[in-house]
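Trainee: I would like to go through this model with you. Can we start with the metal site?

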Amino acid sequence: MHNAKPLPSYLVQRYQGWKATTYAENKTWYRRLADEGQRPRAMVISCCDSRVHVTSIFGADQGEFFIHRNIANLVPPYEPDGDHHGTSAAVEYAVTALKVAHIVVMGHSGCGGVEGCHDMCSGKAPELEEKSSFVGRWMDILRPGYEKVKDIADEAERKRALEKQAVLTSLENLMSFPFVASAVETGDLSVHGVWNDIGDGSLEHFLPAEGGFKVV
Ligand SMILES: [Zn+2]
């Protein structure tokens, strides 16, 4: 049983505007996309945060990115235990079926999920420790990352460091998926970690050789 309502009118209006302009002007292209199926070159894993706008930042058109969004852009470790794993399913499909060439994990400034993890790990958010907290249990993935940044004295700096740990933890966990590890090994797939500062629009990418994130 559900009680779904019609689409809110502001969304209906925006949709009709899109259909009459963007769609109408590119109808052939949309039909071709429908007929040929998707062949995205990259998978992007980003936060659900409404300010993170990967298609805008990279100027992406329909069909270019296979996008998965979750709280704090986290990839869990490889756990083939028969449970529901939405993120792992998206990674599996992107790598084994779509054969994407790149996986980009994008973190961002002011991440509420990361802040929740920070507060939980520092004892300030007991509600997130509850077994019934979906956010808390999801953010458990980042607990090892908190251990790496907990000694940073300045709180804002510590949270920012934890946002970047979320990206690095995801990159590490990606490599625990056998099909990711083997595609990286053969050179068919590369993984990338980036962090976006919402306020100043800057983007940093992780460069292992330099041991940290550098402005793109
Ligand atoms: Zn976020």
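**The zinc site and its strands**

Mentor: C47 (SG), H108 (NE2) and C111 (SG) coordinate the zinc ion at 2.0 to 2.3 Å. Donors are N, O and S atoms within 2.8 Å of the metal (3.2 Å for Na, K and Ca); water is not among the atoms, so sites may look incomplete. This is a predicted model: local features need pLDDT of at least 70, side-chain atom pairs count only at pLDDT 80 or more, and totals for chains, interfaces and linings use all residues. Residues are numbered from 1 along each chain as its sequence is written, and side-chain values use heavy atoms, without hydrogens and water.

Trainee: How are the donor residues of the zinc ion spaced in sequence?

Mentor: C47 lies in strand β1 (residues 42-47) and C111 in the loop between β3 (102-108) and α5 (112-121), so the pair ties together parts 64 residues apart in sequence. Helices (H or I, at least four residues) and strands (E, at least two) are DSSP runs, numbered from the N terminus. The donor spacing reads C-x60-H-x2-C.

Trainee: Is C111 buried or exposed?

Mentor: Buried means under 20% relative accessible area, exposed over 50%, partly exposed in between (1.4 Å probe, protein chains only). C47 has 6%, so it is buried. C111 has 3% relative accessibility, so the term for C111 is buried.

Trainee: Which residue in β4 is the bridge partner of G107?

Mentor: Strands pair if DSSP finds at least two bridges between them. β3 and β4 (residues 190-196) run parallel, joined by seven bridges. In β4, the partner of G107 is W195.
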